[in-house]
Amino acid sequence: MTIRQCYENMGSDFDGVLRRLGSEAMISRVAVKFLNDPSFNNLKSALAAGRTEEAFRAAHTLKGVCVNLGFDKLYECSSALTELLRTGSTDGADALMAEVEKNYEITAAALREFRDSQ
């Protein structure tokens, strides 16, 4: 599997990422590091424990990582969750978190498949 195929599998715009990061080799190196990023797990545990401020910080970090790496679908839903949590409210957070989790799993699965094919 190529890194381009990986991005296609997660529903992201590879050419946009390529313009920003400059080379497929660079994207290949940094994208798989996402699998070790703790933001998603931090978000999940903070929301479950009702720690809204901590959940906001984790969602904001996840959103930033996703926009930089071009994980478009995960960026969109984590951005929506970030903005909700920014208000200090968790009304509607469960539905948004379900969307984040779904897209996180799609993204992580594509990245693992790419990593394991190398």
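Visitor: Is C77 buried or exposed?

Guide: Buried means under 20% relative accessible area, exposed over 50%, and partly exposed in between (1.4 Å probe, protein chains only). C77 has a relative accessible area of 7%, so C77 is buried. This is a predicted model, in which local features need pLDDT of at least 70 and side-chain atom pairs count only at pLDDT 80 or more, while totals for chains, interfaces and linings use all residues. Residues are numbered from 1 along each chain as its sequence is written, and side-chain values use heavy atoms, with hydrogens and water left out.

Visitor: How many disulfides does the structure hold?

Guide: A disulfide is a pair of cysteine sulfur atoms within 2.5 Å. The structure holds zero disulfides. For C6, the nearest cysteine sulfur belongs to C66, 13 Å away. For C77, the nearest cysteine sulfur is also that of C66, at 7.8 Å. C6 is buried, its relative accessible area being 0%.

Visitor: Where is the place of T82?

Guide: A helix is a DSSP run of H or I with at least four residues, numbered from the N terminus. T82 lies in helix α6, which spans residues 72-86. T82 is buried because its relative accessible area is 0%.

Visitor: Which residues does T82 touch, not counting those up to four places away in sequence?

Guide: Contact means heavy atoms within 4.5 Å. On that count, T82 touches F56, A59, H60 and K63. Towards A59, the side chain of T82 reaches the backbone oxygen at 3.1 Å.

Visitor: How far apart in space are T82 and S117?

Guide: From C-alpha to C-alpha, T82 and S117 are 33 Å apart, with a sequence separation of 35 residues.

Notes:
Helix = DSSP H or I, 4+ residues; strand = E, 2+ residues; numbered from the N terminus. Polar contact = N/O pair within 3.5 Å; in protein donor to acceptor, adjacent residues only side chain to side chain.
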